[in-house]
Amino acid sequence: MNAALRLRLRYFLPALYLAAACAGNEQKQEIASGKTPEPPIDNHLFTLLPSGYTGLHFENRVQDSPEMNVFTYRNFYNGGGVAVGDLNGDGLPEVMLTSNQHGNHLYLNKGRFQFQDITDEAGVGGKKDGWATGVTFADVNGDGLLDIYVCYAGNIAGKQRANELYINQGLDKNGVPAFKEMAEEYGLADEGYSTQATFFDYDNDGNLDMFLINNSFRPVTSFGVRNIRNVRDPLGGDKLFHNDGNGHFTDVSAKAGIYGSEIAFGLGVVVSDVNRDGWPDIYVSNDFFERDYLYINNHDGTFDERLDKEMPYLSYFSMGLDIADINNDGWPDIYTTDMLPSDEYRLRTTSAFEGWESYQTKVRNGFHYQLMRNMLQLNNGNGTFSDIGQMAGVARTDWSWSALIADFDLDGNKDIYVTNGIAKDVTSQDYIAFLADARTMATATTGKRVDFKLLTDAMPSTKLEHYAFRNNGNLTFTNETANWGLATPSFASGAAYADLDGDGALDLVVNNVNDEAFVYRNNARSLHKENHYLQVSLQGEGHNRFGVGAKVTLQNGQQMFYQELSPTRGFQSSSDYVLTFGVGKIDTVQTVRVEWPDGRVSSLQNVAANQRMTVKQSQSTKDGPPASRFPLPASSPTSRARQRCHSFITRTTTSISIASG
C-alpha cells in the first residue's frame, strides 16, 4: 500500500465517493400513552425523563458502511442539532431534532412534558437521502410565525446538500402548524457543507438577515500552512445573506467583509453585540488550524474581523460556542469548547500535540496563538478579552460540542452546560499506531480497495459524561454534573434549553448519536424555592416580530442581570425565544429595561418576580437613560475576582509573548 493512501487512512480523510444508503424512517409517531409514569423529583436539579413518558422517541442513528464512514466523510460522527420554540402560539415550545441519515423530526408540545410527533403532518421530514446538521427557528418572512431552517452537509451530491427553509403556513384543521419548503424561492438553498445558520438584523433595517457557516470538505493536511483566508470558495467559508425585504435574500459576503475560504472549518456561530454599541457582531468558532473569527459591525453594512486584535489566544479545535454575561457586569463574555480531557488517562491515550516549530510557523502565517482547551473569554469592556477558563475551572471537558450558558438553578448567576462524546475514539493513540502498522494495511486492502468497515469496527468507543458547571458568582465555577443529575454518559452533540412545562425553570433537550435524545426536566422550582425567576417575552414590530437582537437588563440597586435575544447558540442548535432570568432571592425587580434594535427603549418599574411578562415594542420610547452597563462596586466579590484575574492574565500573556520571541 502506498504512503499517500496510508496517510489518508491515518487522518480520516476523504478517500472515495459513493452515495450513502438511508435505512428509512423508523421513528415512532405517537404521543406518550401514560403507561410510563413521570419520575418523581429527587435531590437532583435535573431528571432524565423516559421517552415512554414524554413520547419523544428520537434517535440519531448513524450506520457505518463501506461507502459512508469516518474515512470517507470526516464529520461522520458530529451528530445532529436541536431547535426549540413556540410554533403554534400556545406558549409552549415545540422541539425539532435533526438526523444525519434518517430524516428530521418535529414534536408538538402538549404540556407536562408530553410530546406528539407531527413530522409528516407538518411536512418537515427533510431529505431522506441528505445529511442534516444544524437547525434553527426564525421568523424569516416577518409574519409573526416561526419558520424552520435546516442545514445539510455530507459526502453527497450538491443538490442533496441544498439547505431547506420551511415557511410556517399557520395551523391546519387539527391545530398542527403546517410548513412549505421554500429555500430556493428565498435564495437560501445554499449547497455548501453547512453546519448552522443564524438570523439577525445586521444593518438595522428591520428585516432579519442570515449568516451561514460551512465546514471545509477538503482534507486538513492538504492545506499545508499557507494562509488562503482571503481566497473565496463557493462551497467553503461563511456567507452573509441580506434580506431584501421582498421575500428574497442576496449573498453580500464579499461586500460585507466576510471570509469565504475553504480553510474555514466552522462549527459554531453566535450573534451578540459584544462591544455594546447597539449593532450586532458575529463570532464564529473554527475547528483545526484556522483561527476563530470575531466580526465587529461597522454600522455601514460591513464588518471588521478583529479577533487577533482583541484576544491574546484562543481555542485550537474550537467546536461549540456561547456568548452571555457570566459575571453580571452587562458585557457579553465568550465561551468556546475544545477537546482537552479532564483526566490524565484520556489525556495520554487520546491526545497528541504538534511541535513548537510547526506551532510558530502557523503563528507567523496569521493563524494566531491557539491552545487545545476551552476558553472563557471575559469581556474587559474596552475592546479586549481575557481568557479565564483555567482559573474558572471550565477549561477541560474532553471531546465537547455544545456549550450553553444559562441560569439553571435560578440563583442569579449563569451556569454552563457542555455536551460531550464522539461515537468512535478517532484520536486514540493506540488506534493510530494500529493504522500505521503495515500488517493492518495489508489486511485492510485488496489492490486499490480498502475495507473501511474493518477499520471502523476496530476503533474503540467510549461514552462520556456531560459537564455542568455551577457559577459561584466570583468568576469561578464548580463541577456539579453528578449532583445535578446530568452524568448519564452518551455521544451528545446538539442541545438547547427552554422552559418546556412553563414552570419558570430551563429544561434541556439533547441530541445523541446512536442513543435516544435526552429530555431533562429542571427541578429548580421545587428544590430551590428560595430562588425566583422572571421571564421576558418580547413582542416586536414590523418584520422583526420576536424582537431578535433586543437587550434586556434587570436592575436591583447594584445587582444587574443582562441577556440578549439571539436564539442560535451552542452547536447546530437554537434555544427558546423567551428569556428566563434567575434573580435569586429578589421578589420584586426594580427596573426591567429593554433596548430594542431600532434604538427605542422600554422601561418598567417594580415588576414582581415569578411570572412571564410580555414587553411590546409598540409601547417603547426614544427617551431613556444610556444603555445599561453598570460599573461594579470596588468591594463586590466579582470586582475583586476580576482584579485577581487581570493580574493573573497579565503575567500569563507576558510569559507567552516572551516565549514566542
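User: Is F288 buried or exposed?

Analyst: This is a predicted model. Burial is read from relative accessible area, and under 20% counts as buried. F288 has 19%, so F288 is buried.

User: Where does F288 sit in the fold?

Analyst: F288 belongs to the loop between β15 (281-286) and β16 (293-297).

User: What should I read from the phi of F288?

Analyst: Start with the general idea. Most residues other than glycine have a negative phi. Now the case here. Phi of F288 is near 60°, which is positive, and F288 is not glycine.

User: What is the phi of R112?

Analyst: Phi of R112 is near 55°, again a positive value in a residue other than glycine. R112 is in the loop between β4 (105-111) and β5 (114-117).

User: Is R112 buried or exposed?

Analyst: The cut-off for exposed is over 50%. R112 has a relative accessible area of 61%, so R112 is exposed.

User: Now a helix residue. Which helix holds E310?

Analyst: Helix α6, residues 307-310. E310 counts as buried because its relative accessibility is 7%.

User: Which residues does E310 touch, leaving out those up to four places away in sequence?

Analyst: Skipping those sequence neighbours leaves L294, I296, G383, T384 and F385 as the contacts of E310.

User: Let us turn to V578. Where is V578 found?

Analyst: In the loop between β35 (559-564) and β36 (579-584). V578 counts as buried, at 15% relative accessibility.

User: How far apart are V578 and L565 in sequence and in space?

Analyst: Read the two separations side by side. V578 and L565 are 13 residues apart in sequence, and their C-alpha atoms are 8.3 Å apart. Beyond four places in sequence, V578 touches Q535, V536 and R612.

User: Next, pockets. What is the volume of the second largest pocket?

Analyst: About 420 Å³. After volume, look at the lining. The second largest pocket has 21 lining residues, with D86, G89, S537, L538 and F546 nearest its centre.

User: How do the lining residues of the second largest pocket divide by type?

Analyst: Ten are nonpolar, seven are polar and four are charged.

User: Which strands each supply at least two residues of that lining?

Analyst: β33 (532-539) and β39 (612-616) each do. The largest share, three residues, comes from β33.

Note on methods. Residues are numbered from 1 along each chain as its sequence is written. This is a predicted model: local features need pLDDT of at least 70, side-chain atom pairs count only at pLDDT 80 or more; totals for chains, interfaces and linings use all residues. Side-chain values use heavy atoms; hydrogens and water are left out. Helices (H or I, at least four residues) and strands (E, at least two) are DSSP runs, numbered from the N terminus. Buried means under 20% relative accessible area, exposed over 50%, partly exposed in between (1.4 Å probe, protein chains only). Contact means heavy atoms within 4.5 Å. On a 1 Å grid over the protein atoms alone, a cavity is a set of points where a 1.4 Å probe fits but cannot get out, and a pocket is an open set with protein on both sides within 12 Å along at least five of seven lines; lining residues have an atom within 4 Å of a point. Grid points are joined across faces, edges and corners, and a volume is the space filled by probe spheres set on the points. Ala, Val, Leu, Ile, Met, Phe, Trp, Tyr, Cys and Pro count as nonpolar, Asp, Glu, Lys and Arg as charged, and the others, Gly among them, as polar.
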